[in-house]
Amino acid sequence: MDEFDAIVIGAGFAGLYQLYRLRELGFTAQGFEAGDGVGGTWYWNRYPGARCDVESMDYSYSFSEELEQEWEWTERYPTQPEILRYLNYVADRFDLRGLIKLATRVTSVVYDNETNRWTVETNRGDVVSARYIIAATGCLSLWQIPAFDGLESFRGSTFHTGNWPRDDIDFAGRRVGVIGTGSTGIQAIPQIAKQAEHLFVFQRTPNYSVPARNHLLTAEYQVSRKKTYREYRERAKYSGGGHSAILPTKSALEETNADRLAEYERRWERGGAPLMQMSYTDLMTSREANQTIAEFVRGKIREIVTDAETAAKLTPVDYPFGAKRLCVDIDYFETYNRGNVTLVDVRSAPIEKITERGIVTGGYEYELDAIVFATGYDAITGPLLNLNIRGRDGRALNDAWSAGPRAYLGLQVAGFPNLFTITGPGSPSVISNMVVSIEQHVDWICECLMHLREHDIESVEPLIEAQEAWVAHVNEAAAATLFPLAKSWYLGDNIPGKPRVFMPYVAGVGAYRRKCEEVVANGYDGFVMTSRQEREVAISK
Ligand code: N01
């Protein structure tokens, strides 16, 4: 059996950087990636309109100044093909491909008490052993299609946005149904509408969405940003969401109505998520403050969508602005003014079944040639539970997390020694700029591994008390916000039977990073570290 210091699962932003750092530090490592190329999320999500709604010059690695300086982003919000090119460039530039086995899915990860090593098996028959397991599996990689009756009988083509084919799909002349109006549906719908003969959008919950106001980046802008990249990145690391933005200082309720509207209008014109993050301090903590922005966006929907009935259906009314992930779009609401687009409300009349010809709802059969499922993911915990992880004494992670995820700092789980999760539950992850959070986790893990090596320590895992206190703190932080007031994948609401727990840590990447630094400064407070001798004594008892 091949033996490594570490196995890294996944070769997206997280896996690539993790492999790079391990090699630089002299650890032997093997990466496994289910896709037949690197890129993770950006490898799989090739649906029309896929792009990142974090700005390109923020949504990029900071670990190499050379990379930062030589890579040229072309648009404010990068498209999927551009991000995938970037990640391929990184894989080549840092010579990472030799460390990764592509088209290889990890099927089990099992800890051995006696040897303090993990055995990893894959669908290609690999059986390898490692001291450390690092799950770089992404938060939104386990796509899901709801169990619609009759799904298998449909005679047309079906697609899930998170598993989009590599070939170009042409919807010209076809009647297409899209189920789902989250961030993905909202990006794909305007593009599919341009091609399809007719597009039917099956919407269960209307979403708040803000225009992206995407544009090409000028050379001057890139040069000026690159000159100040270091300070810029440093500010992002200690910010709220992982962008270097000037944070608001004022409550929305301190402002006059006219000034508040002017502020919202200015940010709406500028475009993007800063409308939520930077306008006022209390949009996500005060219902009254939130109502001011929710009403502003509802007004915009009514202004854009010409048919009043369609506008009303598209208007979110029963949950706070931003409590489901805020969407950023290009011509989303405008798309409903096209003659070839029909909005079908499947909240009042849920999808009854899928037939060989199409989708049945409200007693009516919508005949379709293709169905696009933009129905989301078993987020954050799904990809980890899917690895079939068994820790000390054969305990399955699925059992340890049967009532919801329990992890310390989103980095480690008690009872699973030397297993690390990058952007795991209880860390800022999806509430932040993922690249900033990924780099911080990889750096923290590497510092920890070096500490273990230097001090001849064989294993690290959280103390159960520290883990429980952190889980309680993560829950308290979420409870102080409006996030739990919406049904969302942040809470696992989209997966039948999934425990309703708010999974990301909402207090901001700066506060979180300081906590991680403090833990290290206090001798890995909350973790238990065991030398070989101590472990052998424990086993022999
Ligand atoms: O998935 P979602 P997504 N019948 O879970 C609907 C990231 N992302 O792929 O809201 C009918 O948000 C469901 O309805 P409801 C981003 O973090 C980033 O869109 O549950 N409808 C919802 O409308 C995002 O949040 C970028 O009532 C059903 C939709 O399917 C995350 O990925 C771009 C249904 C699922 O929405 C996930 O977004 C795109 C049913 N039975 C995505 N079941 C960037 O730009 C589900 N739905 C970085």
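## Second largest pocket

The lining of the second largest pocket comprises 11 nonpolar, five polar and 11 charged residues (nonpolar: Ala, Val, Leu, Ile, Met, Phe, Trp, Tyr, Cys and Pro; charged: Asp, Glu, Lys and Arg; polar: the others, Gly among them). The model is predicted, with local features requiring pLDDT of at least 70 and side-chain atom pairs pLDDT 80 or more, while totals for chains, interfaces and linings use all residues. Residues are numbered from 1 along each chain as its sequence is written, and side-chain values use heavy atoms, without hydrogens and water.

The volume of this pocket is about 430 Å³. A pocket is an open set of points on a 1 Å grid over the protein atoms alone, where a 1.4 Å probe fits, with protein on both sides within 12 Å along at least five of seven lines; lining residues have an atom within 4 Å of a point. Of the 27 lining residues, Lys237, Glu439, Gln440, Asp443 and Arg513 lie nearest the centre.

## Helices in the lining

Helix 1 (13–24), helix 7 (229–237), helix 15 (434–454) and helix 17 (509–521) each contribute at least two lining residues. Helix 15 gives the most, with seven. Helices (H or I, at least four residues) and strands (E, at least two) are DSSP runs numbered from the N terminus.

Three strands form an open antiparallel sheet in the order 13-14-15. Strand 13 (351–354) and strand 15 (364–367) are the edges, each with a single partner strand, so one side of each has no neighbour in the sheet.

Strand 14 (residues 358–361) pairs with strand 15 over four bridges in the antiparallel sense; pairing requires at least two DSSP bridges. Gly358 stands opposite Glu367 in strand 15.

Methods:
Grid points are joined across faces, edges and corners, and a volume is the space filled by probe spheres set on the points.
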